[in-house]
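Please walk through this model with me, one element at a time. Keep the sequence and the 3D view open side by side.

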Amino acid sequence: MLALITTNQNLFGKMIVYRNLNIDKKHKDAVIAIGNFDGVHVGHQKVIREAKKKAVNKKLKFGLVTFEPVPTMFFNKNIKNHRINSLNQKIYFLKKNKLDFLVIINFNKAFSNLNAKEFIKKILFEKLKSRYIFVSKNFKFGKKRLGDIKTLIKFEKQYLYETVVTAPYKKKNKIISSSLIRKFINHGQIEKVEKLLGRPWCLEGAVIRGAQRGRKIGFPTCNIKLRSYTQPKLGVYSVWVQFNNLKKRGIANIGYRPTFNGKSVLLEVNIFGIKKNLYKKILKITFIKFIRPEKKFKNINQLKFQIKKDIAIAKT
């Protein structure tokens, strides 16, 4: 089977999510946009608006085709921290952009071996029957990424579609891209990230058991692994924390916990006004601002003093 991901489709509001290529007839002969759409940033939102406008004018359905896992992580197994958003977050943010449908293609070995013409024939023509295809100027596809805009245009008449190349979205002469946003996250430039996403950056994760050192010194924390998220600059952040329909302020430390000789990166969140055990709960952590870099303290008292200062800054 080509591009199979568990069940066929799910309904997210009015947006149908297809997890394989067996799409409903009503979603064929449609306008589609193709890409990774990691972050669903303001540049992606511009593409979606343009494609939706074409769909409305032509009285067609509008959908988006994306890939899971992210191709970069598929081809580079050593890259563990890359994503701006999880797949579930991507689906949620795309739903807010009011797509008719979303197709998630499983980026596996079989799919990666399709050459450019096979991708056009087997996916775009036979499976999707796409009428208009929106892609970015630097779009590459097919085995070894040998397909490009010229390839798409070359086969338009044979496979009955029209290619629409979208101009990049710029701010202050910089092209808005997922790569640029990852760079800002990696450098702790959270305010810049928010501007380019069009919303605050957040991640989600389940609370895992920790050593409970925070609880012992009077600042209990929820511990969360980064999983495949791109790694923020190590240090302390002011955050919002959401769970069970509650929204609370807090501080988060991401790092190795050098005072305790930690060996792996961990996100530790102290939620203001919450002391109960949230083990296994799914938390949404929204980053507000970077407070300070991670630091090794000489003793616990120094650490406690600094945490109090961090909390005071976070509450302002």
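**The sheet and its neighbours**

Strand 12 (residues 235-243) and strand 15 (residues 282-293) run antiparallel and are joined by eight bridges. Strands here are DSSP runs of E with at least two residues, helices are runs of H or I with at least four residues, and both are numbered from the N terminus. Two strands pair if DSSP finds at least two bridges between them.

A word on the source. This is a predicted model, in which local features need pLDDT of at least 70, side-chain atom pairs count only at pLDDT 80 or more, and totals for chains, interfaces and linings use all residues. Residues are numbered from 1 along each chain as its sequence is written, and side-chain values use heavy atoms, with hydrogens and water left out.

Back to strand 15. V239 stands opposite F287 in this strand. G235 stands opposite P293, also in strand 15. Strand 10 joins strand 15 as well, through five bridges, and the two run antiparallel. There, L203 has I285 of strand 15 as its bridge partner.

Now widen the view. Six strands make up an open sheet, in the order 10-15-12-13-14-11, with antiparallel pairing. Strand 10 (202-206) and strand 11 (222-224) are the edge strands, and each pairs on one side only. From one strand to the next, the twist averages 35°.

Helix 9 (residues 190-197) lies across strand 12 and strand 15, and runs at about 130° to strand 15. Axes are lines fitted to C-alpha atoms, for helices over the stretch in contact, and angles run from 0 to 180 degrees between N-to-C directions.

How many disulfides does the structure hold? It holds zero disulfides. A disulfide is a pair of cysteine sulfur atoms within 2.5 Å. For C202, the closest cysteine sulfur is in C222, 17 Å away, so the two are too far apart for a bond. C222 is likewise in no disulfide, with the sulfur of C202 as its nearest cysteine sulfur. C202 counts as buried, at 5% relative accessibility. C222 is buried too, at 8%. Buried means under 20% relative accessible area, exposed over 50%, and partly exposed in between, with a 1.4 Å probe and protein chains only.

**Helix 8 and helix 1**

Look next at helix 8 (residues 178-186). Its buried residues are S178, L180, I181, R182, F184 and I185. They pack against helix 1 (42-58), strand 9 (174-175), helix 9 and strand 12. Contact means heavy atoms within 4.5 Å. Just after helix 8, G188 takes a positive phi of about 75°.

H44 lies in helix 1. Is H44 buried or exposed? H44 is buried, with a relative accessible area of 12%. Leaving aside residues up to four places away in sequence, H44 touches F37, D38, G39 and S178.

Helix 5 spans residues 116-127 and includes I123. A116, F119, I120, I123 and L124 are buried in this helix. They sit on the same side of helix 5, because they cover an arc of only 115° around the axis. The arc is that of the directions from the helix axis to the C-beta atoms. An α-helix has 3.6 residues a turn, so residues three or four places apart point the same way.

What do the buried residues of helix 5 pack against? Their partners are strand 3 (31-34), strand 5 (101-106), helix 4 (109-112), strand 6 (132-136), helix 6 (149-154) and helix 7 (156-159). I123 has a relative accessible area of 0%. I123 and F139 are 16 residues apart in sequence and 16 Å apart in space, C-alpha to C-alpha.

Check both ends of helix 5. At its start, a side-chain oxygen of N115 reaches to within 3.1 Å of the backbone nitrogen of K117. After the helix comes K129, whose phi is positive, near 50°.

Finish in helix 4, where S112 is found. S112 is buried, with a relative accessible area of 10%. A polar atom of its side chain lies 2.8 Å from the backbone oxygen of K109. Not counting residues up to four places away in sequence, S112 touches F74, F75, F107 and K143.

Methods. A polar contact is a pair of N or O atoms within 3.5 Å; within protein, one must be able to donate a hydrogen and the other to accept it, and residues adjacent in sequence count only if both atoms are side-chain atoms.
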